[in-house]
Amino acid sequence: MQRTYAVLTAAAVAVATAVTTAPTPAFADHEDTPTVRELLERCNVSTDLCEFHPSGPPEPFATDGRVVGSEVFNCTSGRQNMAVLWSDTTSQSNSVGLALTTEAGFGEVFSVSYEQSFEHTWTTSHTESQTTFVNTGPGEVGWVERRPQMQRVHGTYELHFGSRQWGHYIWYAPFTAEGPVPGSPNEVVTQNVRPMTDAEEAACP
């Protein structure tokens, strides 16, 4: 039996089929073309084989800065080191919008592949808690911002089916996941100050 192969592009909009050595292009505006999500929902559920192949090492990046903890108000006449207690959680996300958990077939496949490829455990969620001291002058407001360190992994799922699915036995589906990097030396936490507004000064005890 001659088997055919199909590939979903990164935009999940194109399919390529191969009958011998030369692929014949087809496109997702044709009927009965699956989405990446539909394929991944079948990973290790109705597949003979489901594997994730990273296309390269994780790409580190920092998120935009965000305020953590509460503002502190220096209502005294002198400078103060004011403690800001904060806790901030970063979680994973992916290009498909499905929960990337080990309970999901494709999630377990991703986690195992990541660990085997990079010798680290994939982190689904990480909470950082600290006390940061902000030096504020009289009549100033202090606050803390954090830029969590994250990583991005690109790759492709390879799925083999025992019978034709959407006209093919084998599908390739692109996938990108982002997740936190606990303990990164590049973690950025900043202390910030500004003058109080008139209303804030009036609210001082």
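**Note on side-chain contacts and disulfides**

1. The charged end of R152 sits over the ring of F61, at 4.0 Å from the ring's centre, where a charge counts as sitting over a ring if NZ of Lys or CZ of Arg is within 6 Å of the ring centre and within 35 degrees of the ring normal. This is a predicted model, in which local features need pLDDT of at least 70 and side-chain atom pairs count only at pLDDT 80 or more, while totals for chains, interfaces and linings use all residues. Residues are numbered from 1 along each chain as its sequence is written, and side-chain values use heavy atoms, with hydrogens and water left out.

2. R152 also takes part in a salt bridge, its side chain meeting that of E59 at 3.9 Å, N to O; a salt bridge here is a side-chain nitrogen of Lys or Arg within 4 Å of a carboxyl oxygen of Asp or Glu. The pair links distant parts of the chain, since E59 belongs to strand β5 (residues 59-62) and R152 to strand β11 (residues 149-165), 93 residues apart. Helices (H or I, at least four residues) and strands (E, at least two) are DSSP runs, numbered from the N terminus. E59 is partly exposed at 36% relative accessibility, and R152 is likewise partly exposed, with a relative accessible area of 23%; buried means under 20% relative accessible area, exposed over 50%, and partly exposed in between (1.4 Å probe, protein chains only).

3. How many salt bridges does the rule give? The count comes to eight. One of them joins the side chains of E71 and R194 at 3.5 Å, N to O, and this pair too links distant parts of the chain, with E71 in strand β6 (residues 66-73) and R194 in strand β13 (residues 188-195), 123 residues apart. Both partners are partly exposed, E71 with a relative accessible area of 37% and R194 with one of 22%.

4. R194 has a further salt-bridge partner in E200, the two side chains meeting at 2.8 Å, N to O. Is E200 buried or exposed? At 19% relative accessibility, E200 counts as buried. Elsewhere, salt bridges that share partners join R66, D88, R146 and E187 into one network.

5. Turning to the aromatic side chains, the structure holds twelve aromatic pairs, where rings of Phe, Tyr and Trp (its six-membered ring) pair if their centres lie within 6.5 Å, and planes under 30 degrees apart count as stacked, over 60 as edge-to-face and the rest as tilted. The pair of W166 and W171 is edge-to-face because the planes stand at 90°, with the ring centres 6.4 Å apart. W166 is partly exposed, with a relative accessible area of 25%, whereas W171 is buried at 1% relative accessibility. Ring pairs also link F52, F106, F110, Y114, F118, W122, Y157 and F175 into a cluster.

6. The backbone at W166 deserves a look as well, for this residue has a positive phi of about 55° although it is not a glycine, and its place is in the loop between β11 and β12 (168-180). As background, most residues other than glycine have a negative phi. N44 is another residue other than glycine with a positive phi, in this case near 60°; N44 is placed in the loop between α1 (36-40) and β4 (49-54) and is partly exposed, with a relative accessible area of 47%.

7. A search of the whole structure finds two disulfides, a disulfide being a pair of cysteine sulfur atoms within 2.5 Å. C43 is joined to C50 by one of them, with an S to S distance of 1.9 Å, and this link is left-handed, with -105° about the S-S bond. Both C43 and C50 are buried.

8. The other disulfide joins C75 to C204, with S to S at 1.9 Å, and it is left-handed because the torsion about its S-S bond is about -70°. C75 is partly exposed at 34% relative accessibility, and C204 is partly exposed at 21%. With bonded cysteines counted along the chain, the disulfides follow the pattern 1-2, 3-4.
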